[in-house]
Every structure is written in structure tokens, then in C-alpha cells.
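Trainee: I have this one open for the first time. Can you walk me through it?

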Amino acid sequence: MSHCSPAEANLDLNDVPRIAMIGQPNTGKSMLYNRITGASAYVGNWPGITVSLSNARVKLGGKTLEFVDLPGIYDLEGFSEDETVVADFLKTYPVDLVIIVINASQIDRQILMPLQVKQLGLPAVVMLNMADEARKNGIEIDTEALSARLGLPVQLISAKYGEGYPRAIESVSAMLEARAGQPPVLADYETLRSTLMTEETLAETLSGAVVYPEAPPQTITQKLDRFLLHPVFGLPLFFAVMLFVFYIVWSIGLPSQDWVGFITDWIQNHILEPVLSLGPGWLRNFVINGIWLGVATVASFVPLIMLFFFCMAAVEDSGYLSRAAYLMDTWMRRIGLDGRSFVMQMMGFGCNVPALMGTRVMRSQPLRLLSMLIIPFSLCSARLAVFVFIIAAVFPPAQGPIVLFSFYVISFAAAFLAAAIFSRSKQFRNTEPFVLELPPYRVPTLRQVWLRGYGELREFLHRATNFIIIGTVAVWFLTNFPTDATGLDTWGGKLGELLQPVMAPIGINPYLTLALIFGFIAKEVVIGSLSTIYAMSSGLVAHQIAISVSPAAAYSFCLFCLLYTPCLTTVATVKAESRSWGFMIFSLIFSLLYAWVIAFLFYQGALLLGFE
Amino acid sequence: MSNDPTMETVRQGRIVSLESLQPGESGIVEIVEAGSFENGLSVRLRALGLSSPHQVSMVRRAWFGGPLVVRAGKATEIAIRRTEAELVKVRKIEG
């Protein structure tokens, strides 16, 4: 797979011409990048750069070119993490061309970037994107005059609809052609710093080349915002929209896990079993219960993750997500977070992994880490499956929904409590001003939504496969050795008994302890592993739990399951996104302790109150 | 401080904080104070088109102390917290 290409591959000093794409956020830069590179993009780790950058090799006009999508930045000299990343990249990796993407309707303020890039001494092409929007706003742009002023080629395009795209690509090829034989260039930040750019510089560049209408036309965005940002109805409307997204993911995504399960079962029954029956029994056992179980678990996630990202990409591209952050900020700032953290917390209900990845929109690292610390407390769909199983076994049917709802409430409360506590410490104090651009509403295109969903899925698979397969192999070992042992006599069972001094005070027996250990791999494994641990079919396990586990103990088990270490994939994501082993280990240990303390308080409290 | 012409105008009431504008009112940005953000706030706002001497207008004020929505220049709408808007001083446009 292309994204597995070793990091060293990037160290070669431009074996093919390298083209970096820069621009402000919300200019459609990544949309243009996606249009150029299609599905060939992958995430490359660039040595010396703190975040992974997306890059792709594409054939244009018979030549292979390398495109790099740099993070969206507001200012080349800015101080945010993304801005440092761009500066570091341009100082470390020589480029043959820079494509500067500009939102054509905001050309008056974004024209600063091409002027800065010129001062950096980099060869560049300017793409005035969102030509359709600029037209709608009545802005007239004379690209030739502008090009003459800047001394750079200027193209008017719409990356979304492909307008002007072929001509723009031609100008990229032409620029490279003209530069043929010249070595790639490193950015010269010294010259940029010594150059003073004033308001007059910007005004001079634009005067005559760009004409604004006297009175900007009333836009649909303004009309929509009157309802969607309403001081009273705005928030309920937002919750209704999110509920609708969850409903879609729920009603299509969850059944789709069964379809995938059906396919993987078929492969197991009709291909793997017959082939493996030729070999020894232990090999068959290992491949089926050790490896294949892991593969099937990952596969069952594929439609859910994909659907979730399709929906989130559509919501995000429409411009609504930044408005949701605006609506929630009133409440979130009180616990040291901001509106965007809440949006991610909501996303976590589908799956913690994409929510963690979504924190990339935050520029303040302390804020981002704090958000990453609390997102794993979101009650994800895998935990939901565990809860439904336990609740159905132990509680009377009439109480079921109330018990389940209580876990959702606790999920939010636990996250907010943790945020409120940690935001007081220096490491997590938000240093970022809350200033958020509210882009106009836009209709997301299918193509863009597809490319986004597909890209995120590939990244998820890359991360998930290794972890989950290693995990299921470990489960297999623990429950199959010593040979012929079952239940508590296996190594795993002994481990469960060993942990009783810790787990008994929170009402969790050795069998359930072992299930929790396996739940560390993926919460989906919990229910399946119970059958292996009790050595019974799942129907009998439910019965066994009903007679041997009290409601208080069952609730304590669910509480622990909700708050303790999330699945391995989430842990891997925390590691990848924070780029810190220390933070990952901290978040692991913190959530374990947190879960234990809450479960202890609950269980001992319940015992004191006379519940059994 | 008494010789500072900006502060003098502040006292005379012509220069107010962006936070104090009512929806529909606008002003010309005079200065963005650093507050606890050092350069962070002014650099970010400048990139969004909210810097001296550009026009900014109040679009809506959320309830319960929530963020404000202001329009910078021609087309950019920005959500900004009240504490941050407090740091932006504008010369109010009358009428």
C-alpha cells in the first residue's frame, strides 16, 4: 500500500519536481489538492516536521510531480503550530514551485500571502479559487492586471466545480517548464522579515485590478444564520441536526456491521475452514480464533467509519460545524475548552478515533491535548454494544432504557469534570484566542465528500489492522494455554484472579476482569471473549451473568467499561495525533485510575445504601 | 498616560471596544491590544482582515455571554469571544 512507503523516501532531494500548496483555511486549498491528486494522496512523515503532511505523486503532461498539501495558515510569519510547520517545511525542503490558493471573494486581505511568498524567493503560481462565489458577490477581477502587478501567473478557478482547472494546470506545467534545469529553492525568511509590508502595499496591488460592488448583495448565508444562529433556537436546532446524523450512521451503519459479519463468516466457513482442516488442529485454532477474528473485527468497522466520515465531511463542508462551535462556546469556555471541543465530543459518540483526528482544527496544543484527553470518555458505539448486552442480562426490561441513558449523561459529566480539573494546570491551559471564521454556507459536492471519507478510512485501516490483530492474537494465547485448560485455569483466568484484590472492591469478578482486559483491544471483543472465558455460548453467558452478578456490580462493570482505557485503536490514535508517548501513557493511566475511583465510589456507595 | 492621544479619545468616548458595539453599528479599527495572547490575537485578526484602519461591524450578539459575530471588511464573518473583542478598540462610526 502506498501509505506504507518508508519515511526515508521523502529524504531524497527532489527526485521529481516538488510542488507545495499553501493558503489560508477555508480557501478550498485541500479541495484543489484533492482534485489534482485524486485518490493517490497518502500521509507522509517528513523528518523534522511535527505533523504528518499529505503528499502525492501525480503524472501531469507526461511528467511525474510531487504535490505536498501544507496546513492552512493565516500568516507566513504567524506563531501557531501550523504556521511553524509551514515555515519549517519551506526552510527544510526545497521546492520547485508553490501554488498559493486564495479565496477570490476575500482577495483584499489574502493578497498578502503571494506578496510574502515572493519575498521568500520562491517560484509561485496564484490560484484565485471559488470564482463562482466571487461572481455571486459581484466582485470583478482582472487576472491579467493582477498578474502583472504581482509578477506571478494568476488563474481564476473553481476547484469545486472544475471551472478554469485545465488552464490552471497548464500554467503549473508551463512554470515548471520555464524553470527546467534550475535547482529547487529553499525559503529565505530573512528577506521576508526585513521587508515592511503596509496596508498601502496591499491597496496598490489590488487597485484597478479588483473591483468590489458598492453594496454587497444580501446572501443566503445571512438569511440562514438568522435561524441557525438564533440565540434561543440555534442550539436545539444544532442538536436536531446532530441527532439526524447519528440516526443515519446508526440505522445504516450498525446493520452494515452484520452484513460484513455475514461476508467474513462465509469466507471463514467456505474457504478458511476447509483449507485449514488439512493442517493440525492448533494451527486451525490459531488462524481462525487468533488472526482471522482480528481481521473480521477491523472489517466490520469499515462501513461504519466510512459512513460516519461521509456525514461529517458533508456537515463540515457545508460550513455548519464552525457555527456549532460558535453556539457551544458560551458553555465550553467555562471549563477551559472551546466550542470546537464539544463538536469533537459529539463526534466521539460514533467512534472516538475520527473525533480524535478532528482535533487537528485546533491550533493551541494545550487545548488540543485537553480535548484529546476527554474525547475517549464519549460513549462510542462499541461500548454501547457491551452495555446493551449487560443491561439486558441483569436489569428488568422496563429499567433498560433509563440505565442506558444514565451512561450517556455520565459520559458527558465525566468528560466535563476531567476538563474542568485539568484546565487549571499549566500544561492544558488554553492559550489560543477564540477567533473563528464563519465561512458562508456551501453545498458539499459528492466528489469532495467521497474523497474525504475514503482518505480517512484508509488512514484508519492502516492504524487499526496492526493493533487489533496483535490484540486478538494475545487474547487467543491467554485463553488457550496451558493446553486443555478452560475458564479460570487458563493463563488469562489466572490473571483475572490475580487482579481480584484490585477489582473486588468495585464488584468485578475474575471472569469480567478478564473480559475488561480483552476490552482493551476493542470493546467489541468484550462480549465475544465472555463466551470464551465462561466457555459457554453467548445465550448461556447472559443467563450465567444474570444469576451471578448483582445489578450494582453490573452497573459498576459498565461504569468501568465506559471510563477506562479506550480501545487500542483509540490509544494508537492518541499516540499518532499527540506525537508523544508520554501523553499517551498519561492518558492511559489517568483513565484507568479515573474509572476505578468512580466505580469504587459507586459500588461501595451502593453497598452502603443496602443494594446487593 | 495622559499624553497618549489614543487614551484621550477613549476618555472622550469616541473610541470604544468592539465588544460594546450593538448589532448594526460599525467602527474603524484603531488598535488591537495584546492582552494575554501576546502577538497571537492581532496577527490572527489581521489575517482575517480585522486590523487598523479597516471597518468592522457588529452582526449579532449571542445570549448568556456567548461569542459575538462581527463582519470584517467586505465579506468575512468572524466569531469572537467577548473577552477577545474587549481588546479591539474601534472608532465608532456615527449614524
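Mentor: A term to begin with: Ala, Val, Leu, Ile, Met, Phe, Trp, Tyr, Cys and Pro count as nonpolar, Asp, Glu, Lys and Arg as charged, and the others, Gly among them, as polar. By those classes, the lining of the second largest pocket has 20 nonpolar, 18 polar and nine charged residues.
Mentor: This is a predicted model, where local features need pLDDT of at least 70 and side-chain atom pairs pLDDT 80 or more, while totals for chains, interfaces and linings use all residues. Residues are numbered from 1 along each chain as written, chains are lettered from A and ligands numbered from 1 in written order, and side-chain values use heavy atoms, without hydrogens and water.

Trainee: How much space lies in that second largest pocket?
Mentor: About 940 Å³. A pocket is an open set of points on a 1 Å grid over the protein atoms alone, with protein on both sides within 12 Å along at least five of seven lines; a cavity is a set where a 1.4 Å probe fits but cannot get out, and lining residues have an atom within 4 Å of a point. Points join across faces, edges and corners, and volume is the space filled by probe spheres set on them.

Trainee: Which residues are closest to the centre of the second largest pocket?
Mentor: D108(A), R109(A), E199(A), L202(A) and H54(B), out of 47 lining residues. Helix 9 (199-206) of chain A gives the most to this lining, with five residues. Helix 3 (107-110) and helix 4 of chain A, along with helix 2 (40-47) of chain B, are among the helices that supply at least two each. Helices (H or I, at least four residues) and strands (E, at least two) are DSSP runs, numbered from the N terminus.

Trainee: Now the sheets. What is the strand order in the chain A sheet?
Mentor: It is an open sheet of seven strands, 2-3-4-1-5-6-8, with mixed pairing; strands pair if DSSP finds at least two bridges between them. Strand 2 (42-44) and strand 8 (154-156) of chain A are the edges, each pairing on one side only. Inside the sheet, strand 1 (residues 18-23) and strand 5 (residues 97-103) of chain A pair in the parallel sense over five bridges. A20(A) has V98(A) in strand 5 of chain A as its bridge partner.

Trainee: What does helix 4 of chain A touch there?
Mentor: Helix 4 (residues 112-119) packs on the sheet, touching strand 1, strand 5 and strand 6 of chain A, and its direction makes about 165 degrees with that of strand 5. Axes are lines fitted to C-alpha atoms, for helices over the stretch in contact, and angles run from 0 to 180 degrees between N-to-C directions.

Notes
Contact means heavy atoms within 4.5 Å.
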